[in-house]
Amino acid sequence: MAWAGKLLRVNLTKGTCTSEPLNMTWAKDYLGSRGLATKYFVEEVDAKVDPLSVENKIIWATGPLTGTMASTGGRYTVVTKGPLTGAIACSNSGGYWGAELKFAGWDMVIFEGKSPKPVYLYIQDDKAELLDADYIWGKTVWDTEPAIKTKHQDPLIRVSSIGRSGENGVLYSAIVNDLHRAAGRSGVGAVMGSKNLKAIAVRGTKGVGNVKNPKAFMAAAKEAKKVLAGNAVTGQGLPAYGTQVLMNVINEVGALPTRNHRDVQFEGAKDISAEAMATPRATDGKAHLVTNQACFGCTIACGRISKIDETHFTVQNRPQYWGANGGLEYEAAWALGAANGVKDLEALQFANLICNEDGIDPITFGATVGAVMELYEMGVLTKEQIGIEAPFGSAEALCHLAEITARSEGFGKEMGMGSKRLTEKYGHPELSMSVKGQEFPAYDGRVIQGIGLGYATSNRGACHLRGYTIASEVLGIPIKTEPTDTDGKPELLKAFQDATAAFDAAGICIFTSFAWTLNDVAPQVQAACGDEFTVENLTLIGERIWNMEKDFNLRAGFTRKDDSLPKRLMTEAAKTGPAKGVVSGLDKMLPIYYQVRGWDEEGRIKPETRQRLGL
């Protein structure tokens with residue numbers, strides 16, 4: 001079967017690395033990656049633990065399709081209790097690190113305790129050891145990764161690490177691998193930093209040789225790749241324009257949150273869009289976008305490689321930014337741009353590179369900037385406090401805030417708290433556009449009702465990746481639903497949430513779900529793992545994962561009141577666009593969602609639901 005069949009348990013307090021057999025009963029019930037790692041986590045960690053305490057644990061996990069020839073089979077997941085939210089944290093990343101861990105013969109790595117000094121874990125196939133990290137502590141991700149490769153004299157090592165933000169406890173710091181891919185949300189990097197763990201360096205030479213039925217798997221993977229290639233989104237749109245193809249689309253729908261969600265359309269959207277990235281600049285005649293890029297095994301290649309304008313005010317005397325680097329994705333471009341009213345594409349790229357270099361979630365960072373700019377315009381925050389004038393639209397303020405947040409200097413320390421804590425400190429908690437302490441992504445929950453319900457009910461705080469109803473509500477995949485309608489959205493969302501959990505658990509990218517359904521995934525999992533993984537079973541596994549995460553949050557103290565949206569979305573109507581005059585219909589949708597889920601009116605899992613799912 002496609003699991004490696006073992007995990008690595010690292011006790012940072014004792015400095016030990018121990019191999020354990022994988023619990024195959026759990027693997028068959030939760031599959032892998034997000035599902036299996038969460039099962040281990042909830043069984044071993046008290047739900048009320050302080051996320052930054054020694055008692056919290058953090059897990060890196062692959063799925064059974066990670067490292068195989070399944071398209072996008074390079075994903076890995078980091079599971080812990082998130083310091084930004086206090087809820088279950090599960091952050092997913094692509095690149096090449098996940099496949100490398102599988103090639104070394106490991107399904108997951110569990111870290112517990114806290115090292116008395118900075119360390120990193122070095123894995124070379126079956127060998128694993130904790131090594132001194134003093135020489136890389138205080139360094140950025142961009143300096144850490146090459147330093148480790150140089151020390152071990154192996155350029156093929158894959159590194160997953162934190163930058164200075166993780167070391168300094170920025171509550172939304174990320175874990176970055178391959179320089180530009182990240183397990184980005186909920187502050188998983190801060191947990192890593194709290195344990196004095198700088199990096200995991202992996203070199204695997206074993207490959208994945210235990211697929212159950214190789215011939216059937218190759219055939220299933222081949223057919224599934226044909227589906228991706230023939231789809232307009234995965235075969236054309238994402239390879240050509242990346243996720244940034246959405247910027248103008250969402251703006252025209254009237255669902256692009258702008259200036260801290262005060263508006264739903266951004267007059268500068270065209271200036272920071274995918275089309276703008278591909279257009280030659282007036283300054284040097286070169287396009288911002290250089291090429292696209294793929295993660296391990298990916299046939300979509302939605303990643304961007306961009307080159308910043310060397311004459312721009314942000315990069316003068318900063319040669320590390322002059323070369324071609326990881327380019328803007330839609331979420332980052334929105335958070336750094338429209339969310340703050342900034343339309344300077346080069347400034348967005350600079351701030352994005354800062355986030356990559358020091359391991360910062362650009363969504364929470366950008367949304368926090370939006371809250372700060374609104375507080376500034378209200379007169380609550382001053383130039384003296386922030387260190388710069390910071391009205392909406394200021395590219396200079398955006399870049400200044402990115403740099404001081406990465407270094408945790410001055411007002412950057414307050415930026416590192418995220419918008420919920422920052423706005424509470426300054427007496428205006430209503431200005432935090434977040435759920436459970438995690439900031440919204442790039443879609444307005446008033447205009448697109450399903451995604452608004454998704455934000456409110458997401459187990460890891462506001463998130464689009466936990467139930468991407470945008471596919472249906474905007475793109476018409478698999479069926480077109482009206483964005484402003486509330487009818488049918490609870491049922492639609494549940495289906496998306498459960499399917500997404502199954503995709504994540506398998507170790508593949510959810511972007512495949514633009515073209516694939518579980519009918520395409522099941523044959524691959526069956527050939528790799530066993531005939532029992534039918535569409536029906538994968539659907540049940542997805543539902544089981546969702547309810548397991550919910551159960552952890554309930555035990556952590558979350559209640560129905562946390563399945564909510566900010567007052568702005570509930571009472572301030574969209575000002576422009578096709579949905580002008582519309583507010584969120586959450587109050588209508590939430591009770592129905594609870595019923596569809598098999599929960600009671602307070603959002604608690606009913607005994608019969610627990611029994612059916614085997615919780």
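Predicted model: local features only at pLDDT ≥ 70, side-chain atom pairs only at ≥ 80, totals over all residues.

Leaving out residues up to four places away in sequence, I get contacts from Phe-365 to Tyr-172, Leu-336, Cys-355, Ile-360, Leu-398, Leu-401, Ala-402, Thr-405 and Met-415. Phe-365 belongs to the largest nonpolar core, which has 102 residues. Along with Trp-334, Phe-411 and Tyr-443, Phe-365 touches the most other members there. I also found another core lying apart from that one, with 53 residues, including Ala-2, Leu-31, Ala-502 and Cys-529.

Next I looked up Asn-177. I find Asn-177 in strand β10, which covers residues 175–177. Is Asn-177 buried or exposed? I call Asn-177 buried because its relative accessible area is 0%, under the 20% cut-off. Its side chain makes a polar contact of 2.7 Å with the side chain of Ser-93. Beyond four places in sequence, I also see Asn-177 touching others, among them Tyr-76, Tyr-96, Trp-97, Glu-145 and Val-159.

Then cysteines. How many disulfides does a search of the whole structure find? I got zero. Cys-90 is in no disulfide, and I have the nearest cysteine sulfur, in Cys-463, at 9.2 Å. Cys-90 counts as buried because its relative accessibility is 3%.

Helix pair: α18 (residues 449–457) and α24 (residues 586–597). I have their axes coming within 10 Å and crossing at roughly 65°. The crossing is right-handed. On the α18 side the contact uses Gln-449, Leu-453, Ala-456 and Thr-457, and on the α24 side Leu-586, Met-589, Leu-590 and Tyr-593.

I place Thr-486 in the loop between α19 (470–473) and α20 (489–506), and Thr-486 counts as buried at 15% relative accessibility. Pro-478 lies in the loop between α19 and α20 as well. I checked the peptide bond joining Ile-477 and Pro-478: it is cis, with omega about -5°.

I looked at α9 (residues 246–253) next. Its buried residues are Leu-246, Met-247, Asn-248, Ile-250 and Asn-251. Their cover includes α10 (274–277), α11 (330–336) and α19. After α9 comes Gly-254, with a positive phi near 80°.

I logged Ser-33, with phi near 45°. Ser-33 lies in helix α2 (residues 33–44) and is buried, at 0% relative accessible area. I also logged Lys-436, with phi near 55°. Where does Lys-436 lie? I find Lys-436 in the loop between β16 (434–435) and β17 (438–439). Lys-436 still counts as buried, because its relative accessibility is 11%.

Key
Residues numbered from 1 in each chain as written. Heavy atoms only, no water. Helix = DSSP H or I, 4+ residues; strand = E, 2+ residues; numbered from the N terminus. Buried < 20%, exposed > 50% of the residue type's maximum accessible area, 1.4 Å probe, protein only. Contact = heavy atoms within 4.5 Å. Polar contact = N/O pair within 3.5 Å; in protein donor to acceptor, adjacent residues only side chain to side chain. Core = buried A, V, L, I, M, F, W, Y, C linked by side-chain atoms within 4.5 Å. Disulfide = S-S within 2.5 Å. Axes fitted to C-alpha atoms, helices over the stretch in contact; angles between N-to-C directions. Left-handed = near helix turned anticlockwise from the far one by under 90°.
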